[in-house]
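Have the sequence and the 3D view open as you read.

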Amino acid sequence: MEVATIKAVVEVEAGPSHEGFFKPGLPLINFDMSMFRKFAGKNGINLSKYYKSHAVVFSRPSASKFSSTQAAQQERLRVARTIHPTTAIEGCFWGMFQIGGFNWRRCGCSSIEEFVERMSKSEREQLELFADFITNSGMLQHLRNKNWSSFARIYNGTSYASRGYHTRLANSYARHRGR
């Protein structure tokens with residue numbers, strides 16, 4: 001696969017810095033409340049009893065309180081893990097490719113703990129997890145063929161078009177291909 005293709009996905013997911021880490025050992029994350037709630041239900045966790053005691057989890061990430069949005073996201077994850085570690089991990093999108101924690105099996109990991117360990121190790125590990133994920137999820141051909149819409153539908157969900165996800169991928173690819 002072309003390097004420009006991978007760079008396009010990274011740029012759309014992690015931003016133009018193309019970085020997978022907030023700090024050493026702490027991968028970029030996006031704690032997604034709707035996913036956290038979804039997996040809490042699946043895991044039999046009643047979140048209502050945690051609203052007051054774990055308020056940071058249920059509040060919007062406060063950049064001013066934690067010095068950056070990413071620091072706030074990290075704190076949300078840390079506190080959410082005290083509610084239920086698996087649910088917290090499943091409710092986050094991880095690393096420079098923003099892979100949902102619920103996809104740990106599709107990334108070739110034998111456990112959710114292995115997924116977090118590898119995501120936290122290096123950007124190379126994040127790349128390898130991504131490669132396994134797109135292969136195991138049937139997306140590799142779409143990326144090879146630059147079929148941005150088909151890739152986006154699987155990778156980013158059915159509402160990808162309303163967010164211009166496929167267009168952003170194509171534009172990013174064109175920029176990186178031209179360098």
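The model is predicted. Helix α1 packs against helix α11, and helix α7 packs against helix α8. Both pairs are treated first, then single residues.

**α1 and α11**
- Helix α1 spans residues 3-14, and helix α11 spans residues 165-177.
- Their axes lie 8 Å apart, at an angle of about 130 degrees.
- The two helices are therefore oblique to each other.
- The crossing of α1 and α11 is right-handed.
- On the α1 side, the contact is made by Ala4, Thr5, Lys7, Ala8, Val9, Glu11, Val12 and Glu13.
- On the α11 side, Tyr165, Arg168, Leu169, Ser172, Tyr173, Arg175, His176 and Arg177 take part.
- By class, the residues of the contact of α1 with α11 are seven nonpolar, six charged and three polar.

**α7 and α8**
- Helix α8 covers residues 123-136 and packs against α7 at an angle of about 135 degrees.
- The axes of α7 and α8 are 8 Å apart.
- This pair, α7 and α8, is therefore oblique as well.
- From α7, the contact uses Phe115, Arg118 and Met119.
- From α8, Glu125, Gln126, Glu128 and Leu129 meet them.
- The contact of α7 with α8 has three nonpolar, three charged and one polar residue.

**The two sides of α7**
- Helix α7 runs over residues 112-119.
- Which residues of α7 are buried? They are Ile112, Phe115, Val116, Arg118 and Met119.
- An α-helix has 3.6 residues a turn, so residues three or four places apart point the same way.
- The face of α7 turned away from the buried side carries Glu113 and Glu117, which are exposed.
- Phe115, Arg118 and Met119 are buried residues of α7 and also meet α8.

**Isoleucine 154**
- Isoleucine 154 lies in helix α10, residues 148-156.
- Its relative accessible area is 42%. Buried means under 20% and exposed means over 50%, so isoleucine 154 counts as partly exposed.
- Which residues does isoleucine 154 touch, not counting residues up to four places away in sequence? They are Ser137, Gly138, Met139 and His142.
- Serine 137 is 17 residues from isoleucine 154 in sequence. In space, the two are 8.1 Å apart, C-alpha to C-alpha.

Conventions
Residues numbered from 1 in each chain as written. Predicted model: local features only at pLDDT ≥ 70, side-chain atom pairs only at ≥ 80, totals over all residues. Heavy atoms only, no water. Axes fitted to C-alpha atoms, helices over the stretch in contact; angles between N-to-C directions. Helix = DSSP H or I, 4+ residues; strand = E, 2+ residues; numbered from the N terminus. Parallel < 35°, antiparallel > 145°, perpendicular 65-115°, else oblique. Left-handed = near helix turned anticlockwise from the far one by under 90°. Contact = heavy atoms within 4.5 Å. Nonpolar A, V, L, I, M, F, W, Y, C, P; charged D, E, K, R; others polar. Buried < 20%, exposed > 50% of the residue type's maximum accessible area, 1.4 Å probe, protein only.
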